[in-house]
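Please read it alongside the sequence and coordinates shown below.

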Amino acid sequence: KNLNSCLTDSTHPYFSFSVSTFLSNSTMSFKYKSHDDLRRGGDQRATRIDLDMILVPPKQGTIRKTKLVCTLGIKTSTVEALCEMIDAGMNVARLNFSHGDHTSHGNCIKNVREACARKNAHVALCLDTKGPEIRTGVLKNHQAVDIVTGQNLKIVFDYAFEGDATTIAFSWPNMPKKVAVGGTVLVADGSLTLTITEVGPDYVMTKANNPIKLGEKKNVNLPGVDVDIETITAKDREDLKFGAEQGVDLVSASFVRCANDIAVIREALTEKGKNIMIIAKIENQQGLRNFDEILAACDGIMVARGDLGMEIPPEKVFLAQKMMIQKCNMAGKPVITATQMLESMIKNPRPTRAECTDVANAVFDGTDCVMLSGETASGDYPLQAIDMQHRICMEAERAVDYYSMYLALRDQTPRPLAVGEAVASCAVSSALDLGAAVIVVLTWTGRSARLISKYCPPVPILVVTTAPQVARQCHLSWGLVPVLDETPGKQQPQLIEDALRWATIRGMCKPDDKAIAVLGGVQSGQTDQLHVFRVPA
């Protein structure tokens with residue numbers, strides 16, 4: 001099946017990806033564009049790599065554009081540890097609400113804010129929901145059981161049932177109505193694979209395909225099955241209410257399956273959480289099939305490769321990653337690439353070479369953020385993992401051909417553009433043509449800044465805002481550098497001049513460099529002006 005017929009709104013000059021690409025087993029053929037086509041349209045992720053780039057370190061003052069999301073754990077939630085993580089490069093602190101309680105998370109939020117105050121930083125707080133999921137039940141005497149290859153294992157749906165090596169409970173009673181003989185059941189992140197042999201009215205019989213010592217309350221995946229569990233659980237509702245009261249900046253919503261899930265989550269955040277950005281985690285086939293409507297409804301996407309790799313064949317996960325990142329890029333919405341990026345660093349001080357390549361390729365794909373999970377939540381080398389991810393991103397960003405990337409993004413964006421996006425595109429074009437050192441944007445909501453980020457300029461985007469939450473949320477988008485200025489009564493020229501002096505002190509530019517400024521007119525009330533400045537001495 002020719003992929004070019006699968007997706008009419010192709011977002012990459014080399015390949016076309018569609019959901020059917022990685023949900024079917026069809027033979028794939030790729031159509032390469034000609035060199036003339038590439039010269040006309042640009043390559044969205046072209047690179048320029050030579051020997052000096054490999055052997056010479058980055059120049060001082062270079063700002064990393066890809067953002068780092070770090071999951072917090074017991075060892076990384078003290079003020080002192082958080083200060084070290086900020087110094088190492090953390091931009092977003094992720095709180096995993098699958099673990100812990102409101103007391104522990106409240107203390108962690110307090111410590112993040114204390115660390116930010118000490119470091120004069122604007123780290124964003126991300127609440128990651130537990131979400132709807134299927135789990136195995138408890139076992140007799142809470143003892144793990146031995147499952148052997150080829151044995152029968154019965155699944156029942158009385159969740160209070162105490163399981164053993166022959167029968168275990170699942171938490172989803174509708175399973176017999178949704179599965180069929182021959183289907184696959186994955187337990188404990190795929191550590192146990194079961195094949196369904198019989199479906200009864202209130203039970204499912206399976207055969208074990210591999211041996212395992214199975215503990216209790218393990219996660220369950222059913223590839224290809226539409227799971228009809230409520231969007232958010234009672235626990236999620238309480239967690240979202242807590243997050244809104246605490247003033248978190250982002251919510252990572254687990255197991256999003258359709259656009260309506262986003263609406264349900266927004267409602268649960270209440271009026272107090274109306275400005276919290278919702279990041280949809282795509283972790284199942286339903287989410288993939290409905291990706292376009294989810295992307296339109298949410299504020300950003302997380303490519304959650306762990307559970308997704310249980311739902312689709314692992315050899316197709318990279319296709320799903322590329323498709324989602326490309327669509328997010330074209331929509332101008334931030335995307336996080338997550339799961340097992342530097343997994344070996346949980347126990348080792350250095351990553352594998354394949355892990356380094358994985359992080360770099362995510363940057364080349366166009367991700368806004370890369371995420372660390374167990375590496376910083378429970379690993380032995382959290383600071384080393386952050387530093388390594390920082391250095392990999394820096395090297396990958398040096399290799400990007402920004403001009404070709406800009407041309408591709410501009411040419412593939414549907415016309416006509418809104419005024420704000422047209423100005424954003426022109427700002428990046430002007431920065432490339434003039435060799436500007438920085439772009440400055442004045443914004444109250446962050447939207448104008450994210451439009452500039454969409455076109456990936458090679459220089460820092462200074463986001464001048466009076467809103468602390470907007471400053472923190474900037475750390476979700478590629479290339480944005482928040483400059484919080486809450487001084488009352490400042491006029492636009494003074495805000496721009498102060499931002500440029502701030503950037504000069506930090507080595508982003510020097511006196512007499514060119515700078516592009518994007519701002520809105522007082523009368524128009526929208527972003528509609530572009531100015532060229534010289535950096536003041």
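How do the residues of the lining of the largest cavity divide into nonpolar, polar and charged? There are eight nonpolar, six polar and seven charged residues in that lining. The model is predicted, with a mean pLDDT of 90 over the chain. The points below cover confidence, cavities, pockets, cores and local backbone features.

**Confidence**

- Of the residues in the chain, 90% reach a pLDDT of 70 or more.
- Residues 1-16 have a pLDDT below 50, and this stretch makes 43 contacts in the model beyond near neighbours in sequence.
- Residues 26-43 also stay under 50 in pLDDT; the model gives them 34 contacts beyond four places in sequence.
- Where pLDDT is low, predicted coordinates should not be read in detail.

**Cavities**

- Rolling a probe the size of a water molecule over the atoms shows where empty space is left.
- Three cavities of 30 Å³ or more are present in the structure.
- The largest cavity has a volume of about 250 Å³; its lining consists of 21 residues, of which P132, V227, F255, N284 and E311 are the closest to its centre.
- Strand 12 (219-221), helix 9 (285-289) and helix 11 (305-311) each contribute at least two residues to the lining of the largest cavity.
- The second largest cavity has a volume of about 120 Å³; 17 residues line it, and N329, D368, S453, K454 and W478 are the closest to its centre.
- Helix 12 (317-331) and helix 18 (447-454) are the elements that give two or more residues to the lining of the second largest cavity, and helix 18 provides the largest share, three residues.
- By class, the lining of the second largest cavity holds six nonpolar, six polar and five charged residues.

- The volume of the largest pocket is about 1500 Å³; among the 49 residues that line the largest pocket, R94, N96, H99, S373 and G374 are the closest to its centre.
- Two or more residues of the lining of the largest pocket come from each of strand 2 (92-96), helix 5 (102-119), strand 15 (300-304), helix 11, helix 12 and helix 14 (374-377).
- Helix 11 gives the most to the lining of the largest pocket, namely five residues.
- The lining of the largest pocket comprises 16 nonpolar, 20 polar and 13 charged residues.
- The second largest pocket has a volume of about 930 Å³; it is lined by 31 residues, with H475, V481, W502, R506 and M508 the closest to its centre.
- Helix 4 (79-88), strand 20 (480-484) and helix 20 (492-505) are the elements that supply two or more residues to the lining of the second largest pocket, and strand 20 gives the most, with five residues.
- The lining of the second largest pocket contains 16 nonpolar, seven polar and eight charged residues.

- In soluble globular proteins, nonpolar side chains tend to be buried together.
- The largest nonpolar core has 100 residues, and those with the most contacts inside it are L72, M90, V112, F291, I301, M324 and I452.
- Leaving aside residues up to four places away in sequence, I452 touches A424, V428, I439, V441, P457, I461 and V518.
- A second, separate core has 26 residues, including V179, L192, I196 and V225.
- Helix 18 is mostly covered, with seven of its eight residues buried: S448, A449, R450, L451, I452, S453 and K454.

**Local backbone features**

- Most residues other than glycine have a negative phi, and most peptide bonds are trans.
- C456, which follows helix 18, has a positive phi near 50°.
- T339 has a positive phi near 90° and is placed in the loop between strand 16 (335-338) and helix 13 (353-365).
- D512 has a positive phi near 80° and is found in the loop between helix 20 and strand 21 (514-520).
- The peptide bond from R415 to P416 is cis, with omega near -5°; P416 lies in the loop between helix 16 (402-412) and helix 17 (419-434).

Methods
Residues numbered from 1 in each chain as written. Heavy atoms only, no water. 1 Å grid on protein atoms, 1.4 Å probe; cavity = no way out; pocket = protein on both sides within 12 Å on 5 of 7 lines; lining within 4 Å. Points joined across faces, edges and corners; volume = space filled by probe spheres on them. Helix = DSSP H or I, 4+ residues; strand = E, 2+ residues; numbered from the N terminus. Nonpolar A, V, L, I, M, F, W, Y, C, P; charged D, E, K, R; others polar. Core = buried A, V, L, I, M, F, W, Y, C linked by side-chain atoms within 4.5 Å. Buried < 20%, exposed > 50% of the residue type's maximum accessible area, 1.4 Å probe, protein only. Contact = heavy atoms within 4.5 Å. pLDDT = per-residue confidence, 0-100.
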